[in-house]
Amino acid sequence: TLVSAGVPNLDQWDENAQRAYDALQHAPLPSTPPVQRKGEGVVYAVGGSEEFFDQEVVPCVRHLTRLENSGDSWRHLTKRTLKFMLFHERRQREFKKWDLVQNFFDATEAFEDEAPASMTRVSDPRIRVKSVKAWAFYRAPFERFVYLDFDSRPCSWHAPSDVLAKLAQSGKDALLHNQWPAQAALTGSAHFRCEHHSAVAAFRRTDASEAALRFFVDAFAHMKLRRDQPALMVALRLARDRAGFTHSDVDNATFCRAASGRPVSCDAGCLLLHKPMKYDASNIVVSVGRRGQGGKAVKRALAALKLIDRDEACVSPDEATPEKCRVLIGEQYATPEGAADVRARYPRARFIVPAAPACHADRAHVDALKRAGIPEHALFELDLRKAADAGRPTHWRDFCAFVEAWSSCKTQNLARVANAWLRRAIWEDAGPGSAEK
């Protein structure tokens, strides 16, 4: 594979890349930026369905809001040193949770408002999503900016500022993250014949960076692929060859990815994490329902979302421990004291209470967990009655967003999980009985 390959095997330049390069190598260099760029900021882009919006964008915005408000309860009332900009599809303004997201950002812009028709008229949604991203790079209204995908999470509110400080110290046009560790050994034009990771990048306003950003849009429009990295590769090589573009690496301690070989954890000194719910071992999911309340349904749901550990030690509730397993289901964790102990050791743990809201005993249990120190944002009440209705997938979508497993969230399959448990359970006025087998 590329991860373990020798440096000579990393060349990703193909005929499609060469055609785009040839088509653009004589195009005029940009004389002015597309917008007035001033100040510093953070840029995000989103395209796609409301389901994706709810399951990836909303959790990230909530994470950023908690970071902004943490430590200093008045921080959110002070002037931000960085502005946050979102590029999006126009139709997303009609999404139910649009206001929640819009209210966090200092400014938003619909992709269709300014992008050329060659990009906005693309019908393939997978290409269109990447078009919004390429356009966001080009239209960023900042002299210095960090671009982040929504699955690239800052470990602190100051992390984007720290990345921009690294850019200033480098004296280069941009900071870019190598797709593969061995790529760092490539020099000259060979380095630009392989892709850079586009989930995080930082640029400052220079003639060379303006060329790179313009070529990114043009190369993407020319190639029309479902990935943006090949177009960025072509753009960076064009900018290097024609405008003297230079960059430094976003090192593996700044942006931690599983492919880089470093632990994906804020505890490991990272500034930014890539897909932390999938790769951060401290992101533990704990079922805190009491006996007979649907713990097996939770386990099957998490297995359907590909979050259950394959380690045999994690199969038995009596043997599963936070040190070994990412999913904990057992009576020892269901008590407020047990949950609080896990939370104290793993502050990013998330807790699921399988319950029916009408059950007074369940409500008392949730209240006890909160009194024990489990914060509301780390607690999800899984209503198995509501979840069993395949025609109303919203509850499962919220559940998938909570555990950040949007790509594997098949709501009808999950509804069958809840139905299977309900068929085995005895429901009485006070709630589910203890007939779970």
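## Overall composition

A residue is called buried here when its relative accessible area is under 20%. By that cut-off, 55% of the 437 residues in the chain are buried in this predicted model. The chain exposes about 19500 Å², and carbon and sulfur atoms account for 48% of that area.

The secondary structure consists of 17 helices and 16 strands. Of the contacts between residues at least 6 apart in sequence, 70% link residues that are at least 24 apart.

## Packing of H1 and H9

Helix H1 spans residues 15-24 and helix H9 spans residues 229-243. Their axes lie 10 Å apart and the packing angle is about 40°. Angles under 35 degrees would count as roughly parallel, and 65 to 115 as roughly perpendicular; H1 and H9 are therefore oblique to each other. The crossing of H1 past H9 is right-handed.

On the H1 side, the contact is made by Ala17, Gln18, Ala20, Tyr21 and Leu24. H9 contributes Met233, Val234, Arg237, Leu238, Asp241 and Arg242.

## Packing of H6 and H8

Helix H6 (residues 125-139) and helix H8 (residues 207-223) form another pair, with axes that come within 8 Å and cross at roughly 160°. Since an angle over 145 degrees counts as roughly antiparallel, H6 and H8 are therefore placed in that class. H6 passes H8 in a left-handed crossing.

The residues of H6 in this contact are Ile127, Lys130, Ser131, Ala134, Trp135, Phe137 and Tyr138. They meet Leu213, Arg214, Phe216, Val217 and Phe220 of H8.

## The sheet S5-S10-S9

An open sheet is built from 3 strands in the order S5-S10-S9, with mixed pairing. Strand S5 (152-154) and strand S9 (255-256) are the edge strands, each pairing on one side only.

S9 pairs with strand S10 (residues 272-274) in the parallel sense, over 2 bridges. Within the sheet, Phe255 stands opposite Leu272 in S10. Strands of a sheet pair through backbone hydrogen bonds, in either a parallel or an antiparallel sense.

## Gln183

Gln183 sits in the loop that runs between strand S6 (174-178) and strand S7 (196-204). Because its relative accessible area is 0%, Gln183 counts as buried.

Leaving aside residues up to four places away in sequence, Gln183 touches Leu10, Asn178, His191, Cys194, Glu195 and His196.

Key
Residues numbered from 1 in each chain as written. Predicted model: local features only at pLDDT ≥ 70, side-chain atom pairs only at ≥ 80, totals over all residues. Heavy atoms only, no water. Pairing = 2+ DSSP bridges. Helix = DSSP H or I, 4+ residues; strand = E, 2+ residues; numbered from the N terminus. Buried < 20%, exposed > 50% of the residue type's maximum accessible area, 1.4 Å probe, protein only. Contact = heavy atoms within 4.5 Å. Areas by Shrake-Rupley, 256 points an atom, 1.4 Å probe, with all protein chains shown as cover. Axes fitted to C-alpha atoms, helices over the stretch in contact; angles between N-to-C directions. Left-handed = near helix turned anticlockwise from the far one by under 90°.
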